[in-house]
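Q: Please give me a close look at one part of this model, at the level of single residues. After that, I'd like to see how that part connects to its surroundings and to the rest of the chain.

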Amino acid sequence: MNQKELNELRRRFKPDRTAISKVYGCYVSSSRQIISYVDAPLGLLSQEEQEMYLNLLKKTLSGALGRNLIDIVFSTAQVADSDEHRLLQTLRQTELQDANARESLYRRIIDAIDMGESSYLILLAADTYDVPHRSRDDLEVPDASETVFRYFVCAICPVKDPTLALQYSDRDKEFRGSSTGHIAQPPALGFLFPAFDDRAANIYNALFYSKDTAQLHQEVIDAVFCVQEAPMSPQEQQNLFAAALTETLEKDCSYDVVQAVHEQLRGRIQEHKESRDPEPLTLSVREVGDVLTGSGVPEEKVEAFQDQCRRQYGQDAALNPRNIIEAGKFQITTPEVKITVPPEYSYMVEARIIDGRRFILIPADDGVEVNGIAVTIPNPQE
């Protein structure tokens, strides 16, 4: 899926646009016991309640593709004949009306997920979307549907325990102690099945959502999708990239090289953002190697780096630059000091050897403050 397709689906989650007729689900305790079931016809709810349910479900399509939203790819054998894919297809084709199928999905999630001491809410909703035809200039043609996209979404929402607070009572004109009640929080994870690729159903893919990019809830991915090649979290990808650099470049992994790599990758991210290309930005291992070559790394070290990347990420891996560097931060750390610089000003920081000692140098001409106090830096030569 690309960003335009994602945005197109996100616009569905409004009371006047959706074809969702009912929201199903269950409320689960921290001890993995189902406390109650959800069977909520949207048409019988107030508009506020409809919007609350739809907003929670919509959150599973939020965040960045390749970071919060991860492609799950089924093998041909799974699509042809597997319990996990058959279950997802049954849920989709029956528009979630098969109670046994819903229960099977609940159990797969409940038996696998680790939410610590938190109780949580599993929500399911099915939608039928008459995908409108688009003209050559990318405008929707009214009443001209090309295909029907049937899909469902699943949201897993932590539930906040009630707290006692002083609340103002309009009736009594005073503050009284009152419980906030159990509150469903935005989803920590969820998924869409099937994927919406080329504005049509792709039953070979699902789109998995994780609010925390450092934790993909691999246990749920394994239980629900059973895919052979599990996706890596962005944090794992970044750690592997850093390890590949330090282990293969060795002494050539200098400050200047890492600074140049960061700047080049950040530049590509910025160019992609400005281009408004809906497709996620990816680089091949060879292209990342070209970045190292352009940063002055010897050819044999570049080849060693590429070989290690292929072993770690896969032979034909497509790397997302946003997952291998922190584009929004440039941080230098020593055992005693941590320096954080806006990435666009990283060029101002230099590494120098002065009288045999290594230094990190930052220009400090005007506007220097210490704990909010303006200070000057004396020049001994003046």
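This is a predicted model: local features need pLDDT of at least 70, side-chain atom pairs count only at pLDDT 80 or more; totals for chains, interfaces and linings use all residues.

**A proline loop and its neighbours**

A: Let's start at P194, which sits in the loop between strand 9 (189-193) and strand 10 (195-197). Residues are numbered from 1 along each chain as its sequence is written, and side-chain values use heavy atoms, with hydrogens and water left out.

The peptide bond between F193 and P194 is cis, with omega at about -10 degrees. Phi of D198 is near 55 degrees, a positive value in a residue other than glycine, while R199 has a positive phi of about 60 degrees. As background, most residues other than glycine have a negative phi, and most peptide bonds are trans.

Buried here means under 20% relative accessible area, exposed means over 50%, and partly exposed lies in between (1.4 Å probe, protein chains only).

Leaving aside residues up to four places away in sequence, Q89 touches F193 and I203; a contact means heavy atoms within 4.5 Å. Q89 belongs to helix 4 (residues 83-93), and its relative accessibility of 14% is why it counts as buried.

Helix 4 in turn packs on helix 5 (residues 99-112) at an angle of about 130 degrees, with the axes 9 Å apart. Axes are lines fitted to C-alpha atoms, for helices over the stretch in contact, and angles run from 0 to 180 degrees between N-to-C directions. Helix 4 and helix 5 are therefore oblique to each other: angles under 35 degrees count as roughly parallel, over 145 as roughly antiparallel, 65 to 115 as roughly perpendicular, and the rest as oblique. Their crossing is left-handed, meaning that the near helix is turned anticlockwise from the far one by less than a right angle, with clockwise giving right-handed. On the helix 4 side the contact has D83, E84, L87, T90 and L91, which meet A101, R102, S104, L105 and R108 of helix 5. By class, these residues divide into four nonpolar, two polar and four charged. Ala, Val, Leu, Ile, Met, Phe, Trp, Tyr, Cys and Pro count as nonpolar, Asp, Glu, Lys and Arg as charged, and the others, Gly among them, as polar.

To place this region in the whole, the protein has 11 helices and 20 strands. Its C-alpha trace spans about 80 × 65 × 45 Å along the principal axes. Of its 382 residues, 40% count as buried. Among contacts between residues at least 6 apart in sequence, 63% join residues at least 24 apart.

Terms used. Helices (H or I, at least four residues) and strands (E, at least two) are DSSP runs, numbered from the N terminus.
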